[in-house]
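Here is a protein to explore together. Take a moment to turn the model around before reading on.

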Amino acid sequence: MMGQKRVLIVEDEKDIRDLLDYNLKKQGYATEVAATGTEALNKSKGGKYDLILLDLMLPGMDGIELCRALKGNPETSGIPVIMLTARAEEIDKVLGLELGADDYVTKPFSPRELLARIKAVLRRTGEREKAAPGKQLKTGDIVIDTEKYIVKKGGATLDLSAIEFKLLLYMAERPGKVMGRDFLLDAVWGRDAYVEPRTVDVHIRRLREKIEDDPSEPKLILTKRGVGYFFGSDGN
Ligand code: CA
């Protein structure tokens, strides 16, 4: 059982709950189920889950309240949450409220799609945890502090937006790996963020203006023509 990921499924509709439970178990996840928000909240105390699948529409305490409660409690705030929503309008609502959910899946979904999302979220969380304990990533005169969420260049703190920080960290942790716009969108913005691939270019340009000695001759964030971007490893 070692290494088995624990997933809490929160869904009031029994058919969907059973379907999720069946498919996740089949893929080797250790699952538990809850039919109400209150039940889920009680079960999640202690933070023993690796992921929570959370239906938005629940009787009583709904998915929004529950997500807020989970993310507001240090004990459970680190557990990634994937919201299940019935309509695109609900996703807008979830995004607008900035609940801190890690991903969103719209019903009806195929088990295959959902499983892919679960895998992606768990992988992202794993990487975040690896980087978590006050790690400092240094490259040239750039220092990325993942605990304080600051970036310094030559000792001076740079003024980066949250997404610029995330983008820089994601690339700097994978030096030399060429990443296309769509790939970066998924990895940094998240799959359901409504942004155009061009947004990536805009942020890369801003990031270069902040971190490069000469933004027109970038040495850190490099372009692979026709493919995407990569972070220049030291000495390259
Ligand atoms: Ca429901």
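**Two helices side by side**

Let's begin where G37, A40, L41 and S44 in α2 meet L66, A69 and L70 in α3; contact here means heavy atoms within 4.5 Å. These contact residues divide into 5 nonpolar, 2 polar and no charged. Ala, Val, Leu, Ile, Met, Phe, Trp, Tyr, Cys and Pro count as nonpolar, Asp, Glu, Lys and Arg as charged, and the others, Gly among them, as polar.

What you are looking at is a predicted model, in which local features need pLDDT of at least 70 and side-chain atom pairs count only at pLDDT 80 or more, while totals for chains, interfaces and linings use all residues. Residues are numbered from 1 along each chain as its sequence is written, and side-chain values use heavy atoms, with hydrogens and water left out.

Two packed helices are described by the angle between their axes and the distance between the axes. For helix α2 (residues 37–44) and helix α3 (residues 63–72), the axes come within 10 Å and cross at roughly 15°. The axes are lines fitted to C-alpha atoms, for helices over the stretch in contact, and angles run from 0 to 180 degrees between N-to-C directions. α2 and α3 are therefore roughly parallel to each other: angles under 35 degrees count as roughly parallel, over 145 as roughly antiparallel, 65 to 115 as roughly perpendicular and the rest as oblique.

Now move along to another pair. The axes of helix α7 (residues 181–189) and helix α8 (residues 197–211) come within 8 Å and cross at roughly 80°. That makes α7 roughly perpendicular to α8. On the α7 side, the contact is made by R181, D182, L184, L185 and W189, and on the α8 side by P197, T199, V200, D201 and H203. By class, this contact of α7 with α8 has 5 nonpolar, 2 polar and 3 charged residues.

Next, find the calcium ion. Which residues coordinate the calcium ion? They are E11 (OE), D12 (OD), E13 (OE), D55 (OD) and M57 (O), at 2.1 to 3.2 Å. Donors are N, O and S atoms within 2.8 Å of the metal (3.2 Å for Na, K and Ca), and water is not among the atoms, so sites may look incomplete. Along the chain, the donors follow the spacing E-D-E-x41-D-x1-M. D12 is partly exposed, with a relative accessible area of 30%, and E13 is partly exposed too, at 40%. Buried means under 20% relative accessible area, exposed over 50%, and partly exposed in between (1.4 Å probe, protein chains only).

Finally, step back to the whole protein. Buried residues make up 44% of its 236 residues.

Note on methods:
Helices (H or I, at least four residues) and strands (E, at least two) are DSSP runs, numbered from the N terminus.
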